[in-house]
Amino acid sequence: MSVSSSVRRLTAAAAVAAAVVGAAALPASAADHHPGRHHSAVFISDVQYDSPGWDDRSNRSLNKEWVELTNDTRRAVNLDDWTLEDEDGHTYTFDHYRLDGRATVRIHTGKGRDTKTDLYQDRRHYVWDNRSDTATLRDDRDRFVDEESWGHHRHGGGHRH
C-alpha cells in the first residue's frame, strides 16, 4: 500500500468520524433553537391577522383579529408600559396588566371589556395587514422582546425602533 493511499484512507476515516460527531451533536443544537421557544419569559405565541369572514369593520370582525402573548414561567410578569406594534406604527400600550405565570392573554383589535385573558385595543380599524406585517413586542424600557412576521417581511428583530 502506498503512502498516498494510506493518507487518503485516514482522511476519509476522519471525514466520516467528523460527520458522525456532527450529526450526533445536531439534535441538541436544534432543540436549543426550537421554533416557538424564546429566550424571554413572555413571547408572542400566536397571531390571527386575517379576521375570519368578511372584513366589514364591525366590532365583532375587529375582535377576531388578535395577538396572543404567553408567559411560560411560573412567575407573573408586569406588562405595564410594554408595547405591541405593527410595521405601520400602530401601537398598543399595556396599562395596569400582570400576565400570570403559565398564562396566555389575547389582545383583540376592537372594543371590549378587558379581562385576565382578553385585552382590547379599542380600535375602529384593522391593525394587522393580511398580506404581510410584523407584530413586535417591547418591554417598558423599549427593549425588543419578541416579534412574529408573516408574508414578505424584514429579517432580524432587535434593530427596529
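**Notebook: aromatic rings and the strands around them**

I began with tyrosine 49, which is partly exposed at 28% relative accessible area. A reminder to myself: this is a predicted model.

**Entry 1: aromatic pairs.** I searched the whole structure and got three aromatic pairs. One of them joins tyrosine 49 and tryptophan 150, with 4.5 Å between the centres and 5° between the planes. Planes under 30 degrees apart count as stacked, and I noted this pair as stacked. Where do the two partners sit? Tyrosine 49 is in the loop between strand E1 (42-48) and helix H2 (59-62), while tryptophan 150 belongs to strand E10 (residues 144-150), so the pair ties together parts 101 residues apart in sequence. I also checked whether tryptophan 150 is covered: its relative accessibility is 7%, so I put it down as buried.

Next I looked at tyrosine 92 and phenylalanine 94. Their ring centres are 5.0 Å apart and their planes stand at 80°, so I filed this pair as edge-to-face. Tyrosine 92 and phenylalanine 94 are both buried.

**Entry 2: the cluster and tryptophan 128.** Which residues form one aromatic cluster? I found Tyr49, Trp128 and Trp150 in it. Tryptophan 128 lies in the loop between strand E8 (118-120) and strand E9 (133-138). Its relative accessible area is 2%, so tryptophan 128 is buried. I then listed its contacts, leaving aside neighbours within four places in sequence: among them are Tyr49 and Trp150, the other members of the cluster, and also Val67, Leu84, Thr109 and Gln121.

**Entry 3: strand E9.** Is E9 covered or open? I counted six of its six residues as buried, so E9 is mostly covered.

I followed the pairing of E9 on both sides. Strand E4 (residues 83-85) runs antiparallel to E9 and is joined to it by three bridges; in one of these, threonine 83 has arginine 138 as its partner. E10 is also antiparallel to E9, with six bridges. Aspartate 133 has tryptophan 150 as its bridge partner in E10, which brings me back to the ring that stacks with tyrosine 49. E9 and E10 make a hairpin with five residues between them, and aspartate 142 in the turn has a positive phi of about 65°.

**Entry 4: the open sheet.** In what order do the four strands of the open sheet come? I read E1-E2-E7-E8, with mixed pairing. E1 and E8 are at the edges with a single partner strand each, so one side of each has no neighbour in the sheet. From one strand to the next, the twist averages 25°. I looked at one pairing in detail: E1 and strand E2 (residues 66-71) are antiparallel over six bridges, and glutamine 48 has tryptophan 66 as its bridge partner in E2.

Arginine 106 lies over its face, 3.7 Å from the ring centre.

Terms used
Residues numbered from 1 in each chain as written. Predicted model: local features only at pLDDT ≥ 70, side-chain atom pairs only at ≥ 80, totals over all residues. Heavy atoms only, no water. Phe/Tyr/Trp six-rings, centres within 6.5 Å; stacked < 30°, edge-to-face > 60°. Helix = DSSP H or I, 4+ residues; strand = E, 2+ residues; numbered from the N terminus. Buried < 20%, exposed > 50% of the residue type's maximum accessible area, 1.4 Å probe, protein only. Lys NZ or Arg CZ within 6 Å of the ring centre and 35° of its normal. Contact = heavy atoms within 4.5 Å. Pairing = 2+ DSSP bridges. Axes fitted to C-alpha atoms, helices over the stretch in contact; angles between N-to-C directions.
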